[in-house]
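My entries are below the structure.

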Amino acid sequence: MASNKRKFGFWSVVGLIAISLFWVGLLSGNILWTSDTPPLQIIDDMDNQPKVKGQSPSSFFADGKATRDPLEYTVPRNGTKYNVSLDDANTKNINTVPVTAEVLARGKNRFETMCTPCHNHDGKGNGLVVQKGFANPPSLVRPEAVAYTDGKFFHVMSAGQNIMSSYADKLSELDRWCVVHYIRVLQNGGTHPKMSAKSINTDNQTTAQAGTAKAASAQ
Ligand code: HEC
């Protein structure tokens with residue numbers, strides 16, 4: 001009897017340990033199968049924290065947006081806040097940036113980065129984002145747009161227009177004027193009307209650096 005009892009006790013302990021190991025392994029997600037769902041965490045080391053992600057909706061705020069707009073009277077650290085109305089855009093936005101090879105290179109670099117997704121490399125619209133279903137912007141090289149003042153282009157970039165958002169937070173004022181000059185290049189078949197041919201350096205690396213240096217020194 002006594003030996004029977006001992007045997008039973010021994011196997012119970014082995015069994016319990018086995019069952020315990022199985023459950024610990026199972027619940028921690030480490031055995032039997034792989035899974036995309038996160039493992040059960042007994043102590044969750046702050047891996048999971050409630051938070052809102054930029055651009056996502058949020059029912060917490062009345063306007064339903066997770067991202068907060070800047071407070072009224074917020075001003076950018078560099079440059080000035082743009083508050084010219086569309087009516088004044090042609091007369092108040094004066095392009096004082098000279099047309100140089102560096103400026104055109106910088107304009108090209110910024111245009112290719114910021115604008116081609118929609119306006120395409122040639123400015124005619126039908127960029128990649130448009131091909132995926134975004135509204136087709138009007139051509140920037142059509143005669144009507146050729147007749148726009150520099151100030152009008154600067155205005156659209158600074159204030160946005162309908163579904164095109166403002167680029168004032170992504171392009172400094174100097175960069176915006178550089179882009180305006182580059183749009184004139186596109187409208188003029190590859191050269192700026194005020195400059196002789198082959199003024200645009202197509203080496204992106206060099207132009208980006210030259211442009212950045214120029215923009216930095218001018219700020
Ligand atoms: C996400 C797509 C998108 C990007 C990126 C974008 N735009 Fe636009 N843009 C549009 C759309 C769409 C319109 C037409 C808006 C409307 O309905 O008035 C437009 C309109 C314009 C117009 C006015 C054209 C006209 O004849 O009325 C100008 C100028 C312009 N964009 C310049 C730019 C420049 C310069 C950049 C880069 C700094 C840029 N856009 C980046 C989508 C875009």
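The entries follow in the order in which I looked things up.

Entry 1, the model. I am working with a predicted model.

I looked up helix H6 (residues 150-159) against helix H7 (residues 173-187), and their axes come within 9 Å and cross at roughly 125 degrees. H6 is therefore oblique to H7. I noted the crossing of H6 and H7 as right-handed. On the H6 side, the contact is made by Asp150, Phe153, Phe154, Met157 and Ser158; on the H7 side, by Arg176, Trp177, Val179, Val180 and Ile183. Sorted by class, the contact of H6 with H7 holds 7 nonpolar, 1 polar and 2 charged residues.

Val180 sits in helix H7. Is Val180 buried or exposed? I counted 24 other C-beta atoms within 10 Å of Val180, and the cut-off for buried is 20 or more, so Val180 is buried. Leaving out residues up to four places away in sequence, Val180 touches Asn95, Asp150, Phe153 and Phe154. I also checked Val180 against Lys152: the two are 28 residues apart in sequence, and their C-alpha atoms are 9.4 Å apart in space.

I found 22 residues surrounding the ligand, the closest being Cys115, Cys118, Pro137, Asn162 and Met164. Helix H3 (101-119) and H6 are the elements that give two or more residues to this shell. Which element gives the most to the shell around the ligand? H3 does, with 5 residues. By class, I recorded 19 nonpolar, 3 polar and no charged residues in the shell around the ligand.

Methods: Residues numbered from 1 in each chain as written. Predicted model: local features only at pLDDT ≥ 70, side-chain atom pairs only at ≥ 80, totals over all residues. Axes fitted to C-alpha atoms, helices over the stretch in contact; angles between N-to-C directions. Helix = DSSP H or I, 4+ residues; strand = E, 2+ residues; numbered from the N terminus. Parallel < 35°, antiparallel > 145°, perpendicular 65-115°, else oblique. Left-handed = near helix turned anticlockwise from the far one by under 90°. Contact = placed C-beta atoms within 7 Å. Nonpolar A, V, L, I, M, F, W, Y, C, P; charged D, E, K, R; others polar. Near = placed C-beta within 6 Å. Buried ≥ 20, exposed ≤ 12 C-beta atoms within 10 Å, placed from the backbone.
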